[in-house]
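I opened my notebook to record what I looked up, entry by entry. The structure I worked from is shown here.

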Amino acid sequence: MLPTDHLLAFTLTAFVVIVIPGPSVLFVVSRALVLGRRGALTTVVGNSLGEYAQVMAVAFGVGAVVERSVVVFTVVKLCGATYLVYLGVQAIRHRARLTELLEGSAAPGGRLRTMREGFVVGVANPKSIVFFAAILPQFVDPAAGSLTLQLLTLGAVFLVVALVSDGIWACAAGSARDWLTRRPSRAGYLGGAGGVAMIGIGVRLAVTGRHD
(Lines give C-alpha, C1' and ligand atoms only; values in the text may rest on other atoms or scores of the structure.)
Protein backbone atom coordinates (compact mmCIF):
# COMPACT_ATOMS: atom_id res chain seq x y z
CA MET A 1 0.00 0.00 0.00
CA LEU A 2 1.21 3.48 -0.89
CA PRO A 3 2.49 5.35 2.21
CA THR A 4 0.24 8.23 3.24
CA ASP A 5 3.06 10.78 3.26
CA HIS A 6 4.04 9.81 -0.30
CA LEU A 7 0.42 10.12 -1.39
CA LEU A 8 -0.01 13.55 0.18
CA ALA A 9 3.27 14.80 -1.28
CA PHE A 10 2.27 13.67 -4.76
CA THR A 11 -1.21 15.19 -4.42
CA LEU A 12 0.36 18.56 -3.63
CA THR A 13 2.77 18.20 -6.56
CA ALA A 14 -0.06 17.25 -8.93
CA PHE A 15 -2.15 20.19 -7.73
CA VAL A 16 0.67 22.67 -8.38
CA VAL A 17 1.36 21.22 -11.84
CA ILE A 18 -2.30 21.08 -12.89
CA VAL A 19 -3.65 24.32 -11.42
CA ILE A 20 -1.14 26.46 -13.35
CA PRO A 21 -2.73 27.14 -16.78
CA GLY A 22 -0.95 25.24 -19.53
CA PRO A 23 -1.74 23.61 -22.89
CA SER A 24 -4.38 21.36 -21.32
CA VAL A 25 -6.25 24.30 -19.81
CA LEU A 26 -5.98 26.31 -23.03
CA PHE A 27 -7.37 23.34 -24.96
CA VAL A 28 -10.33 23.02 -22.59
CA VAL A 29 -11.05 26.77 -22.73
CA SER A 30 -10.90 26.79 -26.52
CA ARG A 31 -13.30 23.83 -26.63
CA ALA A 32 -15.65 25.70 -24.28
CA LEU A 33 -15.66 28.63 -26.71
CA VAL A 34 -16.54 26.29 -29.56
CA LEU A 35 -18.89 23.78 -27.91
CA GLY A 36 -20.03 25.37 -24.66
CA ARG A 37 -19.90 24.10 -21.09
CA ARG A 38 -21.18 20.58 -21.75
CA GLY A 39 -18.83 19.99 -24.65
CA ALA A 40 -15.89 21.30 -22.63
CA LEU A 41 -16.71 19.07 -19.65
CA THR A 42 -16.97 16.06 -21.95
CA THR A 43 -13.60 17.03 -23.39
CA VAL A 44 -12.16 17.24 -19.87
CA VAL A 45 -13.29 13.68 -19.13
CA GLY A 46 -11.83 12.38 -22.38
CA ASN A 47 -8.58 14.28 -21.93
CA SER A 48 -8.16 13.00 -18.38
CA LEU A 49 -8.82 9.41 -19.47
CA GLY A 50 -6.22 9.85 -22.20
CA GLU A 51 -3.68 11.00 -19.65
CA TYR A 52 -4.53 8.05 -17.41
CA ALA A 53 -3.81 5.77 -20.37
CA GLN A 54 -0.34 7.31 -20.29
CA VAL A 55 -0.10 6.52 -16.58
CA MET A 56 -0.90 2.90 -17.39
CA ALA A 57 1.79 2.93 -20.08
CA VAL A 58 4.29 4.25 -17.55
CA ALA A 59 3.21 1.72 -14.94
CA PHE A 60 3.80 -1.12 -17.39
CA GLY A 61 7.07 0.26 -18.74
CA VAL A 62 6.18 1.98 -22.01
CA GLY A 63 6.66 5.48 -20.65
CA ALA A 64 10.37 4.90 -20.18
CA VAL A 65 10.73 4.30 -23.92
CA VAL A 66 9.19 7.68 -24.75
CA GLU A 67 11.26 9.38 -22.08
CA ARG A 68 14.56 7.99 -23.42
CA SER A 69 13.90 8.02 -27.16
CA VAL A 70 13.98 11.35 -28.97
CA VAL A 71 12.49 9.73 -32.08
CA VAL A 72 9.50 8.24 -30.25
CA PHE A 73 8.98 11.46 -28.31
CA THR A 74 8.99 13.50 -31.52
CA VAL A 75 6.57 11.16 -33.30
CA VAL A 76 4.09 11.28 -30.42
CA LYS A 77 4.48 15.05 -30.13
CA LEU A 78 3.85 15.67 -33.82
CA CYS A 79 0.82 13.34 -33.84
CA GLY A 80 -0.73 15.26 -30.96
CA ALA A 81 0.13 18.64 -32.51
CA THR A 82 -1.35 17.62 -35.87
CA TYR A 83 -4.57 16.49 -34.25
CA LEU A 84 -4.93 19.77 -32.36
CA VAL A 85 -4.44 21.75 -35.57
CA TYR A 86 -7.02 19.54 -37.27
CA LEU A 87 -9.56 20.23 -34.50
CA GLY A 88 -8.84 23.95 -34.77
CA VAL A 89 -9.36 23.97 -38.54
CA GLN A 90 -12.62 22.04 -38.12
CA ALA A 91 -13.81 24.54 -35.52
CA ILE A 92 -13.12 27.45 -37.89
CA ARG A 93 -14.75 25.71 -40.85
CA HIS A 94 -17.90 24.87 -38.93
CA ARG A 95 -18.17 27.99 -36.76
CA ALA A 96 -21.52 28.84 -38.35
CA ARG A 97 -23.01 25.75 -36.69
CA LEU A 98 -22.46 27.20 -33.23
CA THR A 99 -25.98 28.63 -33.26
CA GLU A 100 -27.34 25.08 -33.66
CA LEU A 101 -25.16 23.87 -30.83
CA LEU A 102 -26.40 26.65 -28.59
CA GLU A 103 -29.98 25.68 -29.33
CA GLY A 104 -29.23 22.07 -28.39
CA SER A 105 -29.61 20.62 -31.88
CA ALA A 106 -26.19 19.04 -32.11
CA ALA A 107 -25.98 15.75 -33.95
CA PRO A 108 -26.57 12.56 -31.90
CA GLY A 109 -23.40 11.10 -30.50
CA GLY A 110 -21.78 14.50 -30.17
CA ARG A 111 -20.78 13.93 -26.55
CA LEU A 112 -19.06 10.67 -27.36
CA ARG A 113 -17.27 12.35 -30.23
CA THR A 114 -15.99 15.22 -28.08
CA MET A 115 -14.91 12.75 -25.40
CA ARG A 116 -13.04 10.74 -28.01
CA GLU A 117 -11.35 13.87 -29.34
CA GLY A 118 -10.33 14.86 -25.82
CA PHE A 119 -8.98 11.35 -25.24
CA VAL A 120 -6.83 11.51 -28.38
CA VAL A 121 -5.35 14.85 -27.33
CA GLY A 122 -4.68 13.57 -23.80
CA VAL A 123 -3.05 10.31 -24.86
CA ALA A 124 -0.96 12.04 -27.55
CA ASN A 125 0.55 14.64 -25.21
CA PRO A 126 4.25 13.66 -24.99
CA LYS A 127 5.02 16.14 -22.22
CA SER A 128 2.54 14.40 -19.93
CA ILE A 129 3.99 10.96 -20.43
CA VAL A 130 7.51 12.28 -19.86
CA PHE A 131 6.26 13.96 -16.68
CA PHE A 132 4.65 10.73 -15.52
CA ALA A 133 7.71 8.66 -16.38
CA ALA A 134 10.03 11.07 -14.57
CA ILE A 135 7.90 12.05 -11.56
CA LEU A 136 5.64 9.15 -10.60
CA PRO A 137 8.50 6.78 -9.67
CA GLN A 138 9.79 9.40 -7.23
CA PHE A 139 6.77 8.86 -4.98
CA VAL A 140 6.63 5.07 -4.80
CA ASP A 141 8.02 2.96 -1.97
CA PRO A 142 9.61 -0.36 -3.02
CA ALA A 143 8.95 -1.69 0.46
CA ALA A 144 5.22 -0.93 0.25
CA GLY A 145 4.24 -3.62 -2.25
CA SER A 146 3.56 -3.68 -5.98
CA LEU A 147 5.19 -0.75 -7.76
CA THR A 148 2.71 -1.06 -10.62
CA LEU A 149 -0.23 -0.72 -8.26
CA GLN A 150 1.38 2.28 -6.56
CA LEU A 151 1.96 3.99 -9.91
CA LEU A 152 -1.64 3.36 -10.95
CA THR A 153 -2.83 4.79 -7.61
CA LEU A 154 -0.76 7.93 -8.07
CA GLY A 155 -2.12 8.25 -11.59
CA ALA A 156 -5.67 8.02 -10.24
CA VAL A 157 -4.91 10.88 -7.84
CA PHE A 158 -3.61 12.94 -10.76
CA LEU A 159 -6.77 12.09 -12.72
CA VAL A 160 -9.08 13.31 -9.94
CA VAL A 161 -7.17 16.57 -9.45
CA ALA A 162 -7.15 17.17 -13.22
CA LEU A 163 -10.88 16.50 -13.51
CA VAL A 164 -11.69 19.01 -10.77
CA SER A 165 -9.29 21.73 -11.94
CA ASP A 166 -10.00 21.47 -15.67
CA GLY A 167 -13.72 21.09 -14.92
CA ILE A 168 -13.68 24.44 -13.13
CA TRP A 169 -11.94 26.04 -16.12
CA ALA A 170 -14.50 24.45 -18.47
CA CYS A 171 -17.45 25.77 -16.44
CA ALA A 172 -15.96 29.25 -16.19
CA ALA A 173 -15.18 29.47 -19.90
CA GLY A 174 -18.55 27.95 -20.77
CA SER A 175 -20.36 30.53 -18.65
CA ALA A 176 -18.43 33.36 -20.30
CA ARG A 177 -19.27 31.92 -23.68
CA ASP A 178 -22.97 31.65 -22.81
CA TRP A 179 -22.99 35.29 -21.77
CA LEU A 180 -21.23 36.44 -24.93
CA THR A 181 -23.37 34.37 -27.26
CA ARG A 182 -26.68 35.87 -26.20
CA ARG A 183 -26.24 37.66 -29.49
CA PRO A 184 -26.27 34.94 -32.19
CA SER A 185 -23.94 36.97 -34.42
CA ARG A 186 -21.15 36.55 -31.84
CA ALA A 187 -21.23 32.75 -32.01
CA GLY A 188 -19.25 32.54 -35.24
CA TYR A 189 -16.55 34.83 -33.89
CA LEU A 190 -16.21 32.71 -30.76
CA GLY A 191 -15.99 29.54 -32.82
CA GLY A 192 -13.25 31.07 -34.92
CA ALA A 193 -11.42 32.26 -31.81
CA GLY A 194 -11.57 28.79 -30.27
CA GLY A 195 -10.31 27.25 -33.50
CA VAL A 196 -7.41 29.69 -33.76
CA ALA A 197 -6.52 28.95 -30.12
CA MET A 198 -6.40 25.20 -30.80
CA ILE A 199 -4.23 25.71 -33.88
CA GLY A 200 -1.89 27.90 -31.82
CA ILE A 201 -1.62 25.22 -29.13
CA GLY A 202 -0.86 22.59 -31.77
CA VAL A 203 1.83 24.71 -33.42
CA ARG A 204 3.39 25.52 -30.06
CA LEU A 205 3.47 21.83 -29.15
CA ALA A 206 5.11 20.99 -32.48
CA VAL A 207 7.94 23.52 -32.16
CA THR A 208 8.75 23.06 -28.48
CA GLY A 209 10.15 20.17 -26.50
CA ARG A 210 13.33 18.17 -26.54
CA HIS A 211 16.02 18.83 -29.10
CA ASP A 212 18.68 16.46 -27.76
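**Entry 1: terms and source.** What I have is a predicted model, in which local features need pLDDT of at least 70 and side-chain atom pairs count only at pLDDT 80 or more, while totals for chains, interfaces and linings use all residues. Residues are numbered from 1 along each chain as its sequence is written, and side-chain values use heavy atoms, with hydrogens and water left out.

**Entry 2: the whole chain.** I found nine helices and zero strands in the protein chain, so I took down the meaning of burial next: buried is under 20% relative accessible area, exposed is over 50%, and partly exposed lies in between (1.4 Å probe, protein chains only). Of the 212 residues in the protein chain, 42% are buried. I then looked up contacts, meaning heavy atoms within 4.5 Å. Among the contacts in the protein chain with a separation of 6 or more, 89% join residues 24 or more positions apart.

**Entry 3: helix 1.** I listed Phe 10, Ala 14 and Ile 18 as the buried residues of helix 1. They cover an arc of only 60 degrees around the axis, which puts them on the same side of helix 1; the arc is that of the directions from the helix axis to the C-beta atoms.

**Entry 4: Phe 10.** I stayed in helix 1 to look at Phe 10, which counts as buried because its relative accessible area is 0%. Leaving out residues up to four places away in sequence, Phe 10 touches Ile 135, Leu 136, Phe 139, Leu 154, Val 157 and Phe 158. One of these, Leu 154, is 144 residues from Phe 10 along the chain, yet their C-alpha atoms are separated by 7.3 Å.

Entry 5: Gln 54 is buried, with a relative accessible area of 2%, and beyond its neighbours within four places in sequence it is in contact with Gly 122, Val 123, Ala 124, Asn 125, Ser 128, Ile 129 and Phe 132. Ala 59 counts as buried at 10% relative accessibility, and it touches Thr 148, Leu 151 and Leu 152, not counting residues up to four places away in sequence. The C-alpha atoms of Ala 59 and Gly 155 are separated by 9.1 Å, although these residues are 96 residues apart along the chain.

**Entry 6: the cavity.** On a 1 Å grid over the protein atoms alone, a cavity is a set of points where a 1.4 Å probe fits but cannot get out, and lining residues have an atom within 4 Å of a point. Grid points are joined across faces, edges and corners, and a volume is the space filled by probe spheres set on the points. How many cavities of 30 Å³ or more does the structure hold? I found one, and the largest cavity has a volume of about 30 Å³. Its lining consists of Ser 48, Glu 51, Tyr 52, Val 55, Gly 155, Phe 158, Leu 159 and Ala 162, with helix 2 (23–59) and helix 8 (147–180) each supplying at least two residues.

**Entry 7: helix 6.** In helix 6, I found Gly 110, Thr 114, Glu 117, Gly 118, Val 121 and Gly 122 buried. They cover an arc of only 135 degrees around the axis, which puts them on the same side of helix 6, whereas Leu 112 and Arg 116 are exposed on the other side. Thr 114, at 9% relative accessibility, counts as buried, and apart from its neighbours within four places in sequence it is in contact with Arg 31, Leu 35, Gly 39, Thr 42 and Thr 43.

Terms used
1 Å grid on protein atoms, 1.4 Å probe; cavity = no way out; pocket = protein on both sides within 12 Å on 5 of 7 lines; lining within 4 Å. Helix = DSSP H or I, 4+ residues; strand = E, 2+ residues; numbered from the N terminus.
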